[in-house]
Amino acid sequence: MTIHSVLIAAAMGCGLLTASNLSAQVTESPSKPETKSRWEFLVPSGTLVPTGAQHDAIKRGNLTALQLTYVARPTFAITSTVGWARSRDIMIADNPKLDVFTYDVGAEVRAPRWITGKAVTFTPFAGAGAGGRSYNYRKLDVDATHNVAAYGSAGGELGVGRVRLRLEARDYVTGFKPLSGVGAARTGNDVLMMAGLRFVAR
């Protein structure tokens with residue numbers, strides 16, 4: 001089984017788990033009302049893993065991203081993500097450095113919190129979105145290519161006290177124009193895996 005198959009299976013399982021939790025009735029009796037900000041900001045890092053035909057076109061690369069999320073409801077959020085992966089074009093000589101930029105907006109469905117202790121929580125989520133993907137050689141005098149992209153995601157956020165650790169896997173389907181400008185466009189596929197910390201104000 002390939003890593004792509006494992007990630008897709010995990011994403012489907014997490015998505016089904018999230019839907020199941022949302023359908024269940026969860027009753028909590030907090031000792032006092034809790035006021036939370038509707039905005040979340042995160043700077044996750046991770047890796048871009050090309051799969052399928054994309055695996056033979058570009059190299060796996062480290063990723064840095066910015067995420068801004070608006071929590072409309074405890075179980076629903078809108079997330080905007082901008083990511084920068086440092087890759088290489090492995091189809092031409094010398095494997096020149098290639099910057100891969102991702103920018104998209106998506107919807108996120110969150111299950112009710114799982115309480116595992118007085119100070120520990122876990123919230124699984126699943127989402128989907130669309131945006132764009134750009135490829136640009138860092139040092140070669142070649143025009144950047146720009147493509148449409150869509151993704152499905154799954155993950156969870158672990159909370160310990162005021163610290164939140166967010167883990168997320170995204171399966172992207174994108175257009176892929178030849179980086180050299182020669183040849184027909186095709187569909188590409190890759191997986192983004194991200195992790196990031198944020199702190200919650202009391």
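This is a predicted model: local features need pLDDT of at least 70, side-chain atom pairs count only at pLDDT 80 or more; totals for chains, interfaces and linings use all residues.
Which residues does Arg133 touch, not counting residues up to four places away in sequence? Residues are numbered from 1 along each chain as its sequence is written, and side-chain values use heavy atoms, with hydrogens and water left out.

The protein contains 1 helix and 10 strands, arranged along the sequence as α-β-β-β-β-β-β-β-β-β-β; helices (H or I, at least four residues) and strands (E, at least two) are DSSP runs, numbered from the N terminus. Of its 202 residues, 38% are buried, that is, under 20% relative accessible area with a 1.4 Å probe, protein chains only.

Strand E4 (residues 76–88) pairs with strand E5 (residues 97–110) in the antiparallel sense over 13 bridges, where pairing requires that DSSP finds at least two bridges between the strands. Within this pairing, Thr81 has Asp104 of E5 as its bridge partner. E5 also runs antiparallel to E7, to which 13 bridges join it; here Gly106 is partnered by Gly129 in E7.

Arg133 belongs to strand E7 (residues 120–137). Arg133 counts as buried because its relative accessibility is 0%. Its side chain forms a polar contact of 2.7 Å with that of Thr102, the term denoting a pair of N or O atoms within 3.5 Å, one able to donate a hydrogen and the other to accept it, with residues adjacent in sequence counted only if both atoms are side-chain atoms. With contact defined as heavy atoms within 4.5 Å, Arg133 touches Val100, Phe101, Thr102, Tyr103, Thr145, His146, Asn147, Ala149, Tyr172, Thr174, Asp190 and Leu192.

Key. Buried means under 20% relative accessible area, exposed over 50%, partly exposed in between (1.4 Å probe, protein chains only).
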